[in-house]
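I record here what I looked up in this structure, entry by entry.

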Amino acid sequence: MPSGTSAAVPFFDWKALYAERADQYAQIFRDTAAGGGFILQAAVEEFEAALADYCGVRHAIGLSDCTNAMMLGLRADGLRPGDEVILPGHAFIAAAQAIHFAGGIAVPVELSEADWLVDPDAIRAAITPSTRAIMPVHVNGRVCAMDAIMEIAQDHGLAVYEDAAQALGARFGGRRAGTFGWWGAFSFYPSKTLGCFGDAGALVTDDDDLAETVRAMRNHGAGPDKAISRDVAVWGTNARMDNLHAAILLQKIGWYDDAIARRREVAGRYHEAFSAIDALDLPPAPETSGPGFDIFQNYELCCDARDALRDHLAARAVGTIVQWGGNGLHRFEGLGFSQSLPRTDRFFARSLLLPMNHLLRDEQVAAVIEGVRSFFP
Ligand SMILES: Cc1ncc(COP(=O)(O)O)c(C=O)c1O
């Protein structure tokens with residue numbers, strides 16, 4: 001169990017990511033650089049195999065980041081100009097950007113107050129003759145109501161693509177995030193539950209043809225021999241995962257379930273400490289009777305006095321964040337959105353992220369709890 005002396009709690013301690021296992025990481029950097037294999041070499045393939053195995057799917061494709069993973073996944077599946085893709089307003093703008101750059105139209109809808117994730121009824125209500133797909137976003141490491149979402153997709157003949165950037169290893173009804181629909185996309189941005197020392201992402205799928213197309217697209221359209229020849233028949237780009245990141249991620253995926261267990265332990269302590277405070281709305285406890293297994297990428301709670309609570313915690317050296325600046329993606333009016341999503345707006349006006357990662361020491365968790373508790377008389 002982590003231990004130490006300081007109780008100051010930055011929202012995220014970036015340097016601690018490397019310090020955690022500095023010698024091992026330095027060795028990986030040295031071996032990769034000295035070995036001279038930098039792009040699409042063995043480490044990328046080995047990490048892809050480990051990720052596919054972890055998710056229980058046929059294919060994982062290492063990519064430069066999650067945003068490009070989503071964009072390539074949409075293009076590879078033949079999204080056509082004007083196709084509408086329904087997604088939650090409670091999401092990062094990246095998903096909408098991927099839809100836009102693949103030629104589609106992002107249609108944001110409301111969240112459900114039951115789980116703060118996309119509301120299946122709102123999805124159903126937004127379907128038009130132009131709707132082509134649903135893109136659930138598993139925000140904070142909690143999987144959307146995939147039973148209802150898959151049923152809607154089936155009823156209406158829609159594709160399902162998962163933005164699982166925050167949800168590697170999370171489950172719903174025993175099934176892993178990213179494996180319900182046509183494809184799922186993950187982010188390995190440094191602060192993600194499985195993070196590297198830069199940008200990286202991946203797409204997972206069971207579809208052989210889709211996997212082959214995305215593999216080609218990430219490398220300028222090249223075929224399996226990685227050569228750019230006159231046979232190139234698919235428009236591609238450069239969205240490759242670097243070998244260095246793959247080598248780091250290959251090590252880290254071996255420790256990943258321990259990191260999740262620590263996050264869930266911290267979430268359990270927060271839940272126990274805060275559940276008696278009526279002014280707080282909490283996410284579901286880690287141990288629930290529901291179908292979800294939450295990996296707690298973030299611990300996000302809601303409170304009417306959110307800004308005052310935030311100031312109170314800052315005065316006690318406890319860092320917090322209002323996710324995405326307190327705006328759902330439908331609030332990007334400059335990008336053409338005009339939907340009114342009052343439930344989502346209310347959520348963003350009240351929500352706050354507390355420190356949450358596997359490197360938090362016990363006394364830091366205690367300091368967060370004490371900081372929150374002392375705000376309420
Ligand atoms: C929900 C969600 N989707 C997509 C992304 C984009 O991931 P990346 O930075 O790897 O492109 C993020 C990253 O923060 C995210 O949180």
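I began with strand E6 (residues 171-172), which pairs with E7 in the antiparallel sense over two bridges. Strands here are DSSP runs of at least two residues and helices (H or I) runs of at least four, numbered from the N terminus; two strands pair if DSSP finds at least two bridges between them. The model is predicted: local features need pLDDT of at least 70, side-chain atom pairs count only at pLDDT 80 or more, and totals for chains, interfaces and linings use all residues. Residues are numbered from 1 along each chain as its sequence is written.

I noted that Arg-175 in E7 is the bridge partner of Phe-172. I then found an open sheet of three strands, in the order E7-E6-E11, with antiparallel pairing. Strand E7 (175-176) and strand E11 (292-293) are at the edges with a single partner strand each, so one side of each lacks a neighbour in the sheet.

I turned to strand E8 (residues 183-187). Five of its five residues are buried, so the rest of the structure largely encloses E8; buried means that 20 or more other C-beta atoms, placed from the backbone, lie within 10 Å of the residue's own. Strand E5 (residues 159-163) pairs with E8 in the parallel sense over three bridges, and Asp-163 stands opposite Ala-185. Strand E9 (residues 201-205) pairs with E8 in the antiparallel sense over four bridges, and Phe-186 stands opposite Ala-202.

Lastly, I examined the ligand, which 16 residues surround, Asp-65, Cys-66 and Ser-187 being among the closest.

Note on methods: A residue is near a molecule or strand if its C-beta atom, placed from the backbone, lies within 6 Å of it. A residue is buried if 20 or more other C-beta atoms lie within 10 Å of its own, exposed if 12 or fewer, and partly exposed in between; C-beta atoms are placed from the backbone.
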